[in-house]
Amino acid sequence: NFEFPLSTKNGKAVDVLLNATSRIDCDGKLVGVVGVGQDITEKKQAEIELTRVADDLRKLVDTANAPIFGIDTQGRVNEWNQ
């Protein structure tokens, strides 16, 4: 698997995930490559946005003037701000 940026014919930038494998004949010789490309632009943008939101929330919690804490499903404190 290999990710790379690509430009479409109309100039739009897209991120592509390429899956490729070699084609070998019955004598063991390389005769070609078979590949499938997938547009992962939206997935990459969603990952970037998710990271940004998580960073923003972490900064908010860490810089709050009041105690903020998280509790797990068993009622135990598992996270708190500085």
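Where is C26 found? I looked there to begin with: C26 sits in the loop between strand 2 (13–24) and strand 3 (30–39).

**Ground rules.** I am working with a predicted model, in which local features need pLDDT of at least 70 and side-chain atom pairs count only at pLDDT 80 or more, while totals for chains, interfaces and linings use all residues. Residues are numbered from 1 along each chain as its sequence is written, and side-chain values use heavy atoms, with hydrogens and water left out.

**Elements.** I find 1 helix and 5 strands in the protein. Read from the N terminus, the order is β-β-β-α-β-β. Helices (H or I, at least four residues) and strands (E, at least two) are DSSP runs, numbered from the N terminus.

**Strands 1 and 2.** I see strand 1 (residues 2–7) pairing with strand 2 in the antiparallel sense over 6 bridges; to pair, two strands need at least two DSSP bridges between them. F2 has L18 of strand 2 as its bridge partner. This hairpin has 5 residues between the strands, and G11 takes a positive phi near 90° there.

**Strands 2 and 3.** Strand 2 also runs antiparallel to strand 3, joined by 9 bridges. Here I note that I24 has L30 of strand 3 as its bridge partner. This hairpin too has 5 residues between the strands, with G28 at a positive phi near 85°.

**Back to C26.** Is C26 buried or exposed? C26 counts as exposed because its relative accessibility is 80%; the cut-offs are under 20% relative accessible area for buried, over 50% for exposed and partly exposed in between (1.4 Å probe, protein chains only). I also checked C26 against D72, 46 residues along the chain: their C-alpha atoms are separated by 58 Å.

**Overall shape.** The C-alpha trace spans about 70 × 35 × 20 Å along its principal axes. I get a radius of gyration of 23 Å, whereas a compact globule of 82 residues would have one near 12 Å. That radius is taken over C-alpha atoms, and the globule rule is 2.2 Å times the number of residues to the power 0.38.

**Burial and contacts.** Of the 82 residues, 12% count as buried. Among contacts (heavy atoms within 4.5 Å) between residues at least 6 apart in sequence, I find that 11% join residues at least 24 apart.
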